[in-house]
Amino acid sequence: MSKVYDVIGIGIGPYNLGLAALLDETELSSLFFDDTPRLEWHPGMLIDGADLQVPFLADLTTFANPKSPYTFMNYLHEHNRMFPFYFHKHFKIPREEYNHYLQWVSQQLSGLHFNHPVVDVIDHNDHYEVVALDKDSNQTESHYSKHVVLGTGSKPLILEGMDDLPSEDVIHTSRYLFEKKNLLQSKHVTVVGSGQSALEVFLDLLEEQKRKDMELTLLSRTGGLFQLDQAKFAQEFFTPEYVDYFHSLSFEQRQKNLETLGALRKGIDPETLTRLYTQLYHKTVAGRKSHVLINPMTEVKAVERSESGYNLKCQQLQEEQEFNYHTDKVILATGYKPNIPDWFMKRFGDKIKWEDERSFKVTRDYQLEFNDERDYHFFTLTNLVHSHGAGATNLGLSVHRNVHIINKIAGEELYKNQAHSAFQTFSMADYS
């Protein structure tokens with residue numbers, strides 16, 4: 001058998017890339033594999049002028065080691081952008097620059113293997129065999145590790161019955177920039193959704209509308225376009241203390257808890273809403289028509305092809321009124337779902353514990369819970385909202401997750417785990 005690594009990461013997105021960056025400064029050995037030819041972070045949504053929704057400190061390493069060579073500050077220094085960023089006086093990073101930062105880090109790390117999808121993981125009772133396909137040679141190769149980290153991210157969520165429609169006409173926001181030129185040729189584009197991605201796409205099209213004879217529509221299930229709660233105490237729900245509290249709850253309590261945090265999970269950045277309102281205000285000066293329809297409380301139940309475009313089968317939820325709406329193109333801002341590889345269910349579906357049919361049981365330090373006791377662990381950074389709360393997809397907590405994993409693998413505290421960082425107390429258990 002070849003070398004047994006301390007850990008192998010499956011997938012190379014921001015989460016596993018951050019893990020690789022922190023591991024690079026330890027004695028632990030690692031490999032990482034990804035299906036794509038290079039790191040591209042949501043390439044279809046790198047819209048000009050769009051920023052991350054978290055501050056620049058939520059990079060790959062700062063919360064664990066501000067002295068790391070892989071911080072965003074060091075990226076700025078190395079690219080001669082410290083002064084421009086300083087004068088910019090903006091706490092958030094442009095999405096396009098964040099993507100370039102990730103690529104810069106990935107180019108400095110050894111042990112990252114792109115164009116190598118993992119096609120199987122075999123449990124050998126005291127270690128794992130990770131089988132990766134080299135797309136260039138079309139040959140598979142086995143690699144061995146004591147621990148595995150699943151970081152395969154998410155994939156677009158397409159509404160039922162819509163996946164067979166022409167991809168150039170009915171698209172998910174994840175492919176927006178790839179189809180933008182085609183979209184701009186149409187007379188009527190409808191965006192379905194209510195989150196940040198929906199508004200970013202809608203705003204980008206609205207700015208293009210100045211040069212195009214185009215009708216724009218936004219249909220949203222929510223009661224309105226509500227902004228992200230950025231209050232200081234609200235943001236403490238993205239601290240390790242709250243993750244501790246959330247994980248301690250029962251599965252049923254956690255599900256109810258998530259329902260109360262909608263403004264933190266699905267709200268729209270206030271700056272985006274301001275830009276949209278300003279655009280619409282200027283467009284309608286002197287009674288001019290905006291050629292824009294924004295309709296909340298509307299659920300799109302189906303999309304059907306017609307001779308001249310597409311009919312959307314809709315329902316106004318409060319009025320309980322069904323209606324048809326015609327458009328040329330449809331953009332689905334319907335979010336994402338966990339990307340669980342096929343081999344995972346085949347190899348581990350019966351070996352691990354489940355909280356329901358889609359939610360596997362995960363320990364506080366991100367291990368899958370197996371039916372047997374073991375000291376070779378299978379960690380996951382994917383499909384964690386049910387177990388670790390709204391912060392499971394938050395970039396600001398990604399370093400915290402990786403610190404937990406690294407310290408568990410090492411058997412000692414290689415990186416300090418941030419604690420006592422919230423002014424609020426979420427549980428009274430310690431006072432009972």
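1. In this predicted model, K329 counts as buried, at 11% relative accessibility. Its salt-bridge partner is D169, and the closest N and O atoms of the two are 2.5 Å apart. K329 lies in strand β17 (residues 329–332) and D169 in the loop between β9 (154–156) and β10 (170–172), so the pair ties together parts that are 160 residues apart in sequence. D169 also counts as buried, because its relative accessibility is 10% and the cut-off is under 20%.

2. A further salt bridge joins the side chains of E355 and R254 (2.9 Å, N to O). This pair, too, links distant parts of the chain: E355 is in the loop between α12 (342–348) and β19 (378–380), while R254 is in helix α9 (residues 251–259), 101 residues away. R254 is buried, with a relative accessible area of 6%, whereas E355 is partly exposed, at 21%.

3. The side chains of R38 and E40 form a salt bridge of 3.3 Å, N to O. R38 is partly exposed, with a relative accessible area of 43%, and E40 is partly exposed as well, at 35%. The whole structure holds 21 salt bridges. Among the residues concerned, D123, K351, D372 and R374 are joined into one network by salt bridges that share partners.

4. K283 is buried yet has no salt bridge, and E215, the nearest side chain of opposite charge, is 9.6 Å away. The cut-off for a salt bridge is 4 Å, so E215 does not qualify as a partner. Apart from neighbours within four places in sequence, K283 is in contact with L206, Q209, R288, K289 and S290.

5. Helix α4 (residues 95–108) has 14 residues, which should span 20 Å at 1.5 Å a residue; its end C-alpha atoms are 21 Å apart, which agrees. Ten of the 14 residues of α4 are buried, so the helix is largely enclosed by the rest of the structure. The buried residues include Y98, Y101, L102, W104 and V105. Among the elements that cover the buried residues of α4 are α1 (14–23), β3 (51–55), α2 (72–78) and α6 (196–208).

6. M73, M82, F83, Y86 and F87 make a nonpolar surface patch of about 560 Å². Helix α3 (residues 82–88) supplies the largest share of this patch, four residues. Y86 is in helix α3 and is exposed, with a relative accessible area of 57%.

Technical notes:
Residues are numbered from 1 along each chain as its sequence is written. This is a predicted model: local features need pLDDT of at least 70, side-chain atom pairs count only at pLDDT 80 or more; totals for chains, interfaces and linings use all residues. Side-chain values use heavy atoms; hydrogens and water are left out. Buried means under 20% relative accessible area, exposed over 50%, partly exposed in between (1.4 Å probe, protein chains only). Lys and Arg count as positive and Asp and Glu as negative; His and the chain ends are not counted. Contact means heavy atoms within 4.5 Å. Patches are made of residues with over 30% relative accessible area and no salt bridge: like charges are joined within 9 Å, nonpolar side chains (Val, Leu, Ile, Met, Phe, Trp, Tyr) within 5 Å. Accessible areas come from the Shrake-Rupley method with a 1.4 Å probe; for residues, only the protein chains shown count as cover. Helices (H or I, at least four residues) and strands (E, at least two) are DSSP runs, numbered from the N terminus. The expected span of a helix is 1.5 Å times one less than its number of residues.
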